[in-house]
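Q: Could you show me how to read a few features of a protein model, one at a time? I would like the general idea before the case.

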Number of protein chains: 2
Amino acid sequence: MNAPLPLAAAPESLLVIAGWGVFPRLVLEGARANGVKRISVLAFKGSTDRATCRAADDCRRIPFGDLALLRESIRASGCARAVLAGQINPLALFRARMDRGMLEEIAALKLRNAHTLFRRLVEDIESRGVEVLPSSLFMGRHIPAPGTLSARAPDAREAADLAYAHTIAMGVCNLDIGQSVVVKDGVVLAVEGFDGTNATLRRGGRLARGAVAAKVAKEGHDMRFDIPVVGTKTIALMRRVGITALGVQARRTLVLDLPAVVQAADRAGIALVAIDTPLQPAPAL
Amino acid sequence: MNAPLPLAAAPESLLVIAGWGVFPRLVLEGARANGVKRISVLAFKGSTDRATCRAADDCRRIPFGDLALLRESIRASGCARAVLAGQINPLALFRARMDRGMLEEIAALKLRNAHTLFRRLVEDIESRGVEVLPSSLFMGRHIPAPGTLSARAPDAREAADLAYAHTIAMGVCNLDIGQSVVVKDGVVLAVEGFDGTNATLRRGGRLARGAVAAKVAKEGHDMRFDIPVVGTKTIALMRRVGITALGVQARRTLVLDLPAVVQAADRAGIALVAIDTPLQPAPAL
């Protein structure tokens with residue numbers, strides 16, 4: 001996953017179905033660097049950065065929730081390969097005005113979370129002859145290998161808490177709950193539910209200064225969507241709430257963009273590490 | 001556990017080490033109903049209800065965090081059996097002024113949460129020749145068997161969400177995180193961390209109206225302390241934040257007091273059920 005896509009495998013054209021933030025634009029850059037010649041963007045009104053559209057060869061903006069228009073736009077792009085990049089605010093899933101097709105798709109889902117919704121979307125796209133590639137194919141330089149990324153390494157207490165937080169986050173993530181936890185002195189202060197990573201960091205930070213946070217993907221996570229992402233805003237928030245170390249999952253977390261995030265961590269004195277996922281169960285207490 | 005303690009086994013005298021709320025007083029009532037003749041209370045300043053003290057044959061109030069005084073008070077009670085009943089606000093564990101003995105005990109713990117602290121306390125008490133009994137021994141009528149407790153049964157959607165919430169809560173609890181979760185439409189909205197059940201209900205309720213909540217004990221939970229408890233305040237909070245159904249773990253959750261909680265649930269139109277936990281034996285007491 002860290003290796004760039006071999007040039008021979010890079011498609012001539014690519015459709016980027018783009019949510020918010022810098023992630024879709026970095027996918028565009030990565031795709032161009034990997035030899036993709038034409039890049040179309042499908043953007044969502046109110047979500048997708050204009051910079052993402054500007055970086056594309058062509059861009060179409062549609063409202064979130066209009067499945068018929070989404071399908072038509074994918075077809076019209078003429079691309080045989082697509083990637084999903086950038087989040088949709090999960091609350092948008094509840095608040096969007098949806099067309100009949102979207103409502104039917106959602107009603108047919110047994111569980112309705114970001115993962116099941118996006119998996120259904122990927123199936124729908126692929127059933128129309130468009131292959132969905134993992135966006136990580138084009139993002140190798142933003143996906144860290146194991147090790148300390150920041151200038152400051154975690155101290156002994158932070159290192160112990162990071163290892164514990166990573167293990168607990170894996171357990172939580174495997175229950176399909178959320179991707180992040182906040183820990184101090186071996187106590188789980190906060191667990192991500194539907195509220196997302198930022199709210200979880202705020203809650204944990206309120207309970208104790210000097211806590212650590214971990215963010216992971218679950219085993220068998222589908223890297224075509226819902227990839228764990230952290231960015232400079234994550235670091236800024238940590239600094240604000242007094243969380244002093246962050247452990248992301250090595251090889252499976254997008255750090256966007258990596259040089260900027262490391263710089264922000266160094267300025268804040270935050271220890272940033274990429275942790276290899278151990279295969280052992282939670283420790284017996 | 002539902003059966004009252006056989007009279008032959010009821011101790012002559014009992015020490016109730018009492019935290020906040022109605023739980024310790026109900027233990028006193030249960031102990032008297034089970035034939036205990038003399039009941040001493042050890043109360044914590046700023047935590048324990050005065051009604052708990054008044055119901056005892058003798059009561060001593062000490063500050064939380066003074067381990068030397070705690071040990072001396074236990075000895076002075078002359079009781080050979082004790083129970084722990086009623087919570088200590090977990091934040092008190094961080095904020096209390098602690099004596100040297102308490103600090104040393106805490107420093108020696110690998111993990112510092114309510115469970116490890118109280119387990120250590122129980123060990124300390126038992127090492128001084130006082131046996132710690134599960135408080136549930138005296139609380140049979142407040143520990144529900146499986147079934148619907150409220151007038152209103154959960155509807156089909158609530159029932160599906162309650163089953164899912166119960167399973168997820170077991171998984172979370174077995175990771176030593178917290179005891180409760182809030183779910184709607186198969187999505188985990190909120191997970192209890194160090195912030196406690198009430199904060200979790202508030203967070204979940206904010207994210208969606210009509211959610212359900214589950215509260216459980218973990219497998220092998222030590223019923224001598226840290227027993228899951230819900231009460232009328234839980235129901236009042238659920239009503240306020242729009243959570244419409246609550247599933248507690250049958251045979252292992254204290255519902256305090258049960259008739260008052262059922263009445264409160266019925267007034268609020270809340271469905272209250274005791275859910276049998278699959279795949280695990282009844283806890284050894």
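Q: What should I know about the model and its numbering before we start?
A: It is a predicted model, where local features need pLDDT of at least 70, side-chain atom pairs count only at pLDDT 80 or more, and totals for chains, interfaces and linings use all residues. Residues are numbered from 1 along each chain as its sequence is written, chains are lettered from A and ligands numbered from 1 in the order in which they are written, and side-chain values use heavy atoms, with hydrogens and water left out.

Q: At what angle do helix 8 and helix 9 of chain B pack, and how far apart are their axes?
A: Two packed helices are described by the angle between their axes and the distance between the axes. Here helix 8 (residues 197-207) and helix 9 (residues 232-241) of chain B pack at about 15 degrees, with axes 9 Å apart. That makes helix 8 of chain B roughly parallel to helix 9 of chain B. Angles under 35 degrees count as roughly parallel, over 145 as roughly antiparallel, 65 to 115 as roughly perpendicular and the rest as oblique. Axes are lines fitted to C-alpha atoms, for helices over the stretch in contact, and angles run from 0 to 180 degrees between N-to-C directions. As for the elements themselves, helices (H or I, at least four residues) and strands (E, at least two) are DSSP runs, numbered from the N terminus.

Q: Which residues make the contact between helix 8 and helix 9 of chain B?
A: Contact means heavy atoms within 4.5 Å. Helix 8 of chain B contributes Asn198(B), Leu201(B), Arg202(B) and Gly205(B), while helix 9 of chain B brings Thr234(B), Leu237(B), Met238(B) and Val241(B).

Q: How do I read burial, and which residues of helix 1 of chain A are buried?
A: Buried means under 20% relative accessible area, exposed over 50%, and partly exposed in between (1.4 Å probe, protein chains only). In helix 1 (residues 23-33) of chain A, the buried residues are Phe23(A), Pro24(A), Leu26(A), Val27(A), Leu28(A), Gly30(A) and Ala31(A). Their cover includes strand 1 (13-18), strand 2 (38-44) and helix 2 (50-54) of chain A, along with strands 4 (81-85), 10 (229-231) and 12 (254-256) of that chain. Just after helix 1 of chain A comes Gly35(A), with a positive phi of about 100 degrees.

Q: Is Ser13(B) buried or exposed?
A: Ser13(B) counts as buried, at 15% relative accessibility. Ser13(B) sits in strand 1 (residues 13-18) of chain B. Leaving aside neighbours within four places in sequence, Ser13(B) is in contact with Val36(B), Arg38(B), Cys79(B) and Arg81(B).

Q: Which residue forms a salt bridge with Asp276(B)?
A: Arg251(B) does, with the closest N and O atoms 2.7 Å apart. Asp276(B) lies in the segment after strand 13 (271-275) of chain B and Arg251(B) in the loop between strand 11 (245-249) and strand 12 (254-256) of chain B, so this pair ties together parts 25 residues apart in sequence. Asp276(B) is partly exposed at 41%, as is Arg251(B) at 37%.

Q: Which residues are linked with Asp124(A) in a network of salt bridges?
A: Arg71(A) and Arg128(A) are linked with Asp124(A) in that network.

Q: What is omega for the peptide bond between Leu256(A) and Asp257(A)?
A: Most residues other than glycine have a negative phi, and most peptide bonds are trans. The bond joining Leu256(A) and Asp257(A) is cis, with omega about -25 degrees. Asp257(A) is in the loop between strand 12 and helix 10 (258-268) of chain A. In chain B, the peptide bond from Leu256(B) to Asp257(B) is cis, with omega near -25 degrees.

Q: What is phi of Asp185(A), and where is this residue found?
A: Phi of Asp185(A) is near 50 degrees, a positive value in a residue other than glycine. Asp185(A) is found in the loop between strand 7 (180-184) and strand 8 (187-191) of chain A, and is partly exposed at 22%.

Notes:
A salt bridge is a side-chain nitrogen of Lys or Arg within 4 Å of a carboxyl oxygen of Asp or Glu.
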